[in-house]
Amino acid sequence: MAWIQINTVVKEELAEPLSDAFMEVGACSVTFEDAKDQPIFEPDIGTTPIWANTKVVGLFDAETDSQAVIDTLVQLLPAVPAEQYKTEQLEDKDWIRAWMDQFQPMRFGERLWIVPSWLKPPQPEAANLMLDPGMAFGTGTHPTTALCLTWLDQHAPKDLTVIDYGCGSGILALAADKLGARSVSGTDIDPQAILASEQNAERNQADIDFALAKDFDSQPVDLLIANILAGPLKELAPEFDRLLKPGGTLVLSGLLATQAEDLQAHFQSIGIPLDTFETKDEWGLLAGTKQ
């Protein structure tokens, strides 16, 4: 099926209203893109990051009268003039196949692989996680997830008890299970993350307990790994201390490399020196042993 897309670049405050207008005139989907190469590292929890200059793109069936759409958009949102919109024809192709072709198996460390479910594992004897891109964060493509997966491969939690705090897609819990952990549990504040994690555990035949943070409780464990954001990591320090055995290992990621020193000082003050510091791009991972 052929498509057209109508797009324009607007200031941050107009991005959401324009998205609503696109949906009102029948867009099949609306996406936001960065129009000025402006990085957003750590948005506030519960917010959708929008760039100062945002390209808003509406996708429509090729039979759509683009001029009629633009005329209606101008009526709905006069702040964006008609001449600012651009219409582009998209080639007719199998969009599902094109989307699937973007994802290939990824290896972390020596023996840990993330493999989309529609592909065969490159190394069947390795630790293979069958994981598809979805709504919940975490399929191995983000630097912080990659840092955590590589750390787990290098420090296999064989026969250890493990918590994945802020589980997202459940990817770190699944990796710990595949690498020989005795028991694994995971938690998150987002119900969608719990659902995605449970579905991924079922797909991988993994016996992992996932629960919302408000319902989550656990005996102290040997390893707690949390890939969240620097602010919540700091706030959760007492909870991490409670959930970790003396001599247990704490692994933190989701932080910018520039935020590591502050987190190290904070966790040192509660008896968990985070001596290991690894980086990938602008992001960091900290790990250490509870005294």
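A: Strands are DSSP runs of E at least two residues long, helices are runs of H or I of at least four residues, and both are numbered from the N terminus. In these terms, Gln123 belongs to the loop that links β6 (112–115) to β7 (127–130). The model is predicted, and what follows is a reading of its computed geometry.

The relative accessible area of Gln123 is 25%. Residues count as buried under 20% and as exposed over 50%, so Gln123, at 25%, is partly exposed. With neighbours within four places in sequence set aside, the contacts of Gln123 are with Arg107, Glu110, Trp113 and Asn128. A further relation concerns Arg111, which is 12 residues from Gln123 in sequence, while their C-alpha atoms are 8.4 Å apart in space.

Most residues other than glycine have a negative phi. Asp159, in the loop between α4 and β8 (161–165), has a positive phi near 65°. Its relative accessibility is 46%, and Asp159 therefore counts as partly exposed. Gln205 also has a positive phi, near 50°, and is placed in the loop between α6 (191–203) and β10 (209–212). Gln205 has a relative accessibility of 76%; because this is over 50%, the residue counts as exposed.

Helix α1 itself (residues 12–24) has Ala15, Leu18, Ser19, Ala21 and Phe22 as its buried residues. The elements that cover them include the strands β1 (3–11), β2 (29–34) and β3 (53–61), together with the helix α2 (66–76).

The crossing is right-handed. On the α4 side the contact is formed by Thr145, Cys148, Leu149 and Leu152, and on the α5 side by Ile171, Leu172, Ala175 and Ala176. By class, these residues divide into 7 nonpolar and 1 polar, with no charged residue.

Cys148, one of the α4 residues in this contact, has a relative accessibility of 0% and is therefore buried. Cys28, by contrast, is partly exposed, since its relative accessible area is 46%. A disulfide requires a pair of cysteine sulfur atoms within 2.5 Å, and by this rule the count is 0 disulfides.

The setting for these parts is a chain of 291 residues, 44% of which count as buried. The chain has 9 helices and 14 strands. Among contacts between residues at least 6 apart in sequence, 63% join residues at least 24 apart.

Notes
Residues are numbered from 1 along each chain as its sequence is written. This is a predicted model: local features need pLDDT of at least 70, side-chain atom pairs count only at pLDDT 80 or more; totals for chains, interfaces and linings use all residues. Side-chain values use heavy atoms; hydrogens and water are left out. Buried means under 20% relative accessible area, exposed over 50%, partly exposed in between (1.4 Å probe, protein chains only). Contact means heavy atoms within 4.5 Å. A crossing is left-handed if the near helix is turned anticlockwise from the far one by less than a right angle, and right-handed if clockwise. Ala, Val, Leu, Ile, Met, Phe, Trp, Tyr, Cys and Pro count as nonpolar, Asp, Glu, Lys and Arg as charged, and the others, Gly among them, as polar.
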